[in-house]
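Subject: Handover of a structure for your review

Dear colleague,

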Amino acid sequence: MKKLEVNRQTILNLLESKSRLKQDVSQETQTVFKKLKSAIEKEIIEIKPSINDERVRLHAEEKGDNEVKVMIGSDALIFQMHSNVFRLPDDNAAWERDYLKNQEENGYFGVINIYNFLADSFIYNRLNDTGFLIGRIFINRESHILVEGEGQLGFLFKDPETNTSSSEILKHIIQCSFSHALDFDLIAPPYEMIQEISIGQILEISADLQMKTSKRMGFKQ
């Protein structure tokens, strides 16, 4: 019976510590995501008046509480907040910093993923088209962040001790995401892949425009 009491106390301790920590991280991630959505809208307002060609897309659309889609030129960016909290892997370089090394709780993060698709994939409802993860924002209980990803997203925001979720840093992350998406172009599939096609496939393409297309491969989980 004594062992059962010990086990029960261990469960209670975990509920009070680990579960509370994850709730704190989750709540902070939701707060940061709201700030991120606001920063996206402000950035679009800043850029849009300078666009002289009405064919150039630039607008954002909220897709529920956990997602916002940005149509930018021929690209679409999806900023999506994950519902779970994660501990950084032990081999992540951030654990070498005193901020995490001296306080393990700071190594638990919520995540906002940034995906890049072609705008036409959504416009024409091409369900076979693929996109790529170009970055992910990690947010801890103290609203400190680190970012992994492609291009500038891969090296500008690596120190969670100094990088907080300030409006300035969120704006910088948004600008890096926009630039990276616009800078990488659609690539044609190898000729051999599309050299042979059936009647059924050509009819399907004609009806639904569902030939699978994707951008150049970016950062992947």
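Glu148 is buried, with a relative accessible area of 15% (buried means under 20% relative accessible area, exposed over 50%, and partly exposed in between, with a 1.4 Å probe and protein chains only). This is a predicted model, in which local features need pLDDT of at least 70 and side-chain atom pairs count only at pLDDT 80 or more, whereas totals for chains, interfaces and linings use all residues. Residues are numbered from 1 along each chain as its sequence is written, and side-chain values use heavy atoms, with hydrogens and water left out.

Salt bridges

The buried Glu148 forms a salt bridge with Arg136, and their closest N and O atoms are 3.0 Å apart (a salt bridge is a side-chain nitrogen of Lys or Arg within 4 Å of a carboxyl oxygen of Asp or Glu). This pair links distant parts of the chain: Arg136 belongs to strand E5 (residues 132-139) and Glu148 to strand E6 (residues 145-149), 12 residues apart. Helices (H or I, at least four residues) and strands (E, at least two) are DSSP runs, numbered from the N terminus.

In total, the structure holds 10 salt bridges. Another of them joins Arg55 to Asp53, with 2.8 Å between the closest N and O atoms. Here Arg55 is exposed, at a relative accessible area of 69%, while Asp53 is partly exposed, at 29%. Glu61 forms a salt bridge with Lys63 at 3.5 Å between the closest N and O atoms. Both partners are partly exposed: Glu61 has a relative accessible area of 35% and Lys63 one of 40%. Glu61 and Lys63 also belong, together with Lys69, to a network of salt bridges.

Aromatic pairs

The model contains 2 aromatic pairs (rings of Phe, Tyr and Trp, the last by its six-membered ring, pair if their centres lie within 6.5 Å; planes under 30 degrees apart count as stacked, over 60 as edge-to-face and the rest as tilted). Phe109 and Phe138 are edge-to-face, at 5.9 Å centre to centre and 85° between the planes. Phe109 lies in strand E4 (residues 108-118) and Phe138 in strand E5, so that this pair links distant parts of the chain, 29 residues apart. Both of these residues, Phe109 and Phe138, are buried. Phe117 and Phe122 likewise form an edge-to-face pair, at 5.5 Å and 75°, and Phe122 is partly exposed, with a relative accessible area of 35%.

Nonpolar cores

The largest nonpolar core has 29 residues, and Leu36, Ile40 and Phe79 are among those with the most contacts inside it (a nonpolar core is a set of buried Ala, Val, Leu, Ile, Met, Phe, Trp, Tyr and Cys residues joined through side-chain atoms within 4.5 Å). Elements that each supply at least two residues of this core include helix H1 (2-47), strand E3 (75-87) and helix H4 (167-183). The largest share, 7 residues, comes from H4. Not counting residues up to four places away in sequence, Ile40 touches Ala60, Val68, Val70, Phe79 and Ile174 (contact means heavy atoms within 4.5 Å). A second, separate core of 9 residues includes Leu88, Ala94, Phe109 and Leu146.

A further point on helix H1

Leu12 lies in helix H1 and is partly exposed, at 40% relative accessibility.

Yours sincerely
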